[in-house]
Amino acid sequence: MTDAPNWDKEIQHLDLSDPAGLVDAYLIILMKPDPDSARRFVSPELSIRFTGNRPMTDPMDTTAFNKGRYAWVKKRFEATEVMSGGTLQYAVVYNRGTLYGEWPDGTPFENNRYVDRYVIRDGLITEMDVWNDSAEWLLVRAGLAEL
């Protein structure tokens, strides 16, 4: 597995006037993790539906959840896709890729698929939906399922 990317260097090259750039910057900062800085990209009315349909309202909620599920976790972006016609005024954006990191017992993992869906309104993220394979992988680790 590789070390985490240099987040600050990656953010410098993003176009924050583009919905995809805004989502990428938010995710890069959130995955540091730095939920306090990530708040600058979200609406005060943010609605998050995290894995398992867990309702959340703040970037700190996702960081706290991840701290309980993983020793650490990062994302490798494969694509960030803005649906046709999307602008900072209104856009639906998908970010997909794989998770890598360590489980709480220190066992490394990688290639754990994820898809995130974002809604942007007036230049801020108002909705975030998160799906990944972690729950399935945890079932396999517990001997309750096979891949």
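A salt bridge is taken here as a side-chain nitrogen of Lys or Arg within 4 Å of a carboxyl oxygen of Asp or Glu. By this criterion, the structure, which is a predicted model, holds 13 salt bridges. One of these joins D58 to R39, with the closest N and O atoms 2.8 Å apart. D58 is located in the loop between β2 (54–56) and α4, and R39 in the loop between α3 (35–38) and β1 (42–50), so this contact ties together parts that are 19 residues apart in sequence. R39 has a relative accessibility of 32% and therefore counts as partly exposed.

A further salt bridge is formed by the side chains of R96 and E78, at an N to O distance of 3.6 Å. Because R96 belongs to strand β4 and E78 to strand β3, the pair ties together parts that are 18 residues apart in sequence.

R121 is partly exposed, its relative accessible area being 36%. Through salt bridges that share partners, R121 and E127 are joined with R49, R117 and D129 into one network.

Strand pairing was examined next. Strand β4, comprising residues 90–102, pairs with strand β5, residues 108–121, in the antiparallel sense over twelve bridges. Within this pairing, V92 has V119 of β5 as its bridge partner. The two strands, β4 and β5, form a hairpin with five residues between them, and G106 in the turn has a positive phi of about 90°. Strand β5 is in turn joined by eight bridges to strand β6 (residues 124–132), the two running antiparallel. Here I120 stands opposite I125 in β6. A hairpin is also formed by β5 and β6, with two residues between them; in its turn, D122 has a positive phi of about 50°.

Strands β5 and β6 also contribute to the lining of the largest pocket, whose volume is about 290 Å³. The pocket is lined by 22 residues, of which M31, T62, T63, N66 and V73 are the closest to its centre. At least two lining residues are supplied by each of α2 (19–30), α4 (59–69), β3 (72–82), β5 and β6. In composition, the lining comprises 14 nonpolar, four polar and four charged residues.

Terms used:
Residues numbered from 1 in each chain as written. Predicted model: local features only at pLDDT ≥ 70, side-chain atom pairs only at ≥ 80, totals over all residues. Heavy atoms only, no water. Pairing = 2+ DSSP bridges. Helix = DSSP H or I, 4+ residues; strand = E, 2+ residues; numbered from the N terminus. 1 Å grid on protein atoms, 1.4 Å probe; cavity = no way out; pocket = protein on both sides within 12 Å on 5 of 7 lines; lining within 4 Å. Points joined across faces, edges and corners; volume = space filled by probe spheres on them. Nonpolar A, V, L, I, M, F, W, Y, C, P; charged D, E, K, R; others polar. Buried < 20%, exposed > 50% of the residue type's maximum accessible area, 1.4 Å probe, protein only.
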